[in-house]
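Open the model in your viewer and keep the selection panel at hand. Please walk me through it, stop by stop.

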Amino acid sequence: MAAAALGSSSDSASPAVAELCQNTPETFLEASKLLLTYADNILRNPNDEKYRSIRIGNAAFSTRLLPVRGAVECLFEMGFEEGETHLIFPKKASVEQLQKIRDLIAIERNSRLDGSNKSHKVELSQQPAASSSAQLPATQSSNPSGLAQHSGNSEGRPLSPPSASMVTAGSVILKVLQANLQHVLVYENPALQEKALAYIPVQELKKRSQEKLSWARKLDKGTNVSDEDFLLLELLHWFKEEFFQWVDDISCSKCGGKTKSRGEALFPNDDELKWGANRVEDHYCDACQLSSRFPRYNNPEKLLETRCGRCGEWANCFTLCCRALGFEARYVWDYTDHVWTEVYSPSQQRWLHCDACEDVCDKPLLYEIGWGKKLSYVLAFSKDEVVDVTWRYSCKHEEVISRRTQIKEELLRETINELNKQRQMSLSENRRKELLQRIIVELVEFISPKTPKPGELGGRISGSMAWRVARGETGLERKETVFIPSENEKISKQLHLCYNIVKDHYVRFSNNNQTISGWENGVWKMESIFRKVEKDWNTIKFFAPIMIFLEPLKLFWKQN
């Protein structure tokens, strides 16, 4: 586009304007016109307060700027700051900076209107400080997906502009709202869904799900789960075990051995940029002394081919697969650096948490309780709406509220409402009523007290141990119990241990009737086993049969 032809100047570089230029010509011209109007009103009337604030709920702002890549960032670069319900251009802000960004936008706008890729005379404002020589830095090809790039070890957080001082934390969240609400429309491409279906063994997954559903109905005749729910579980398991692969360090392109990330970014080439890889990691092989490229692709079509990455790539591709199979799905972004998927279950009439990296479904407290994450903002994006679903993933609401300081709650709420209003304008009345009913059900779920379920207490399993420890996601440490025979037990060649399921303790008869409280405190290792007290029936169950194996110096509890 013309942006590249305008040249490059380190003195006038503007990441926000460069981002704005990546929009379609029609979108750019409409957004730039409004941005110039805002800037010129201030420049021509510097002492008039009414021109120094923009109401977030204003129809023009919410429809013509908020959904546009780079538009809000341009306002922040001009000097606007966040207020309760408005963006404010404070008296302390630099008029020269506003003029500079305004002229950069005008250069590009004039160039496009004149239909030429060469520099043109700038439509200068009335201010004497205007600079007609301001130029836009050269930009690279656009990201076809529109999804905010996950860089390095960042897995869900959008790529921040190079100058962090230009952008507040609140604008990062505003950028997420814009970028991801636009990105999820990629999943609605019929041709892309057909391509995804070609990779998914649909019939095999349906066969497995039907078998498991039949077995479940025999065990629980009153179950409200459907074949779609079981198909979702099979898709999740297939994606984790057979289709996608986690990447910490890639294999050397020459010898196939292990590499190590240098922690540096390489410049993406044209093909990498075509598929949304705005960042390329540099992985080095000591044996070959060779660098290998690891592009962080953001386009789900490309991910169907590469089938690897970290949670950003996993959630991106898995959400596409869900849509290809006809599930209503959301792409979920967590401010504390993770992403996953939600799928709507018609039979259960609620949204189910699905994390393809972990092969887990309907365990929303996994991150806060199991991984130890300090959650603050969790946002879910679909073709019809964006929803703040933070409260589904927390049972410590007061702590979460104390951490939600990045953006004013009223601003966040009003922004989401305006985006949803615009996104749903073309929907039928029945569909809007359906979405409203679902939101009401969700709100009730959000405020209902939550207790961690079995499976939500463990730490993260995807990625290397170093990766999980570094991110503080290994969960609470549990001591591994090893029974060492006493001298008397060695002489008698007997270790007699009995577990009382009612009292929930062990008695070690062969060692002076020693008692150990809590069944988990006598376990060396465990998986998929938990104790449940059925108070209504006055029964206690273990939801997996267990066997005991006696080996030298160790006692194992093992799932049968």
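The tour below goes through a helix, the nonpolar cores and some salt bridges of this predicted model.

**Stop 1: helix α9.** Select residues 202–219. An α-helix has 3.6 residues a turn, so residues three or four places apart point the same way.

**Stop 2: the cores.** Select Phe-61, Leu-75 and Phe-239. Of the 92 residues in the largest nonpolar core, these touch the most other members. Zoom in on Phe-61; its contacts include Leu-34, Tyr-38, Ile-56 and Leu-87. Apart from that core lies another, of 15 residues, with Trp-391 and Val-400 among them.

**Stop 3: salt bridges.** The structure holds 41. Select Glu-385 and Arg-330, whose closest N and O atoms are 3.2 Å apart. Glu-385 sits in the loop between β13 and β14 and Arg-330 in strand β9, so the pair ties together parts 55 residues apart in sequence. Glu-385 is buried at 3% relative accessible area, and Arg-330 is buried at 0%.

**Stop 4: a network.** Which residues join Lys-383 and Asp-384 in a network of salt bridges? Select Glu-328, Arg-431, Glu-434 and Arg-438. Lys-383 is partly exposed, at 28%, whereas Asp-384 is buried, at 5%.

Key:
Residues are numbered from 1 along each chain as its sequence is written. This is a predicted model: local features need pLDDT of at least 70, side-chain atom pairs count only at pLDDT 80 or more; totals for chains, interfaces and linings use all residues. Side-chain values use heavy atoms; hydrogens and water are left out. Helices (H or I, at least four residues) and strands (E, at least two) are DSSP runs, numbered from the N terminus. The expected span of a helix is 1.5 Å times one less than its number of residues. A nonpolar core is a set of buried Ala, Val, Leu, Ile, Met, Phe, Trp, Tyr and Cys residues joined through side-chain atoms within 4.5 Å. Buried means under 20% relative accessible area, exposed over 50%, partly exposed in between (1.4 Å probe, protein chains only). Contact means heavy atoms within 4.5 Å. A salt bridge is a side-chain nitrogen of Lys or Arg within 4 Å of a carboxyl oxygen of Asp or Glu.
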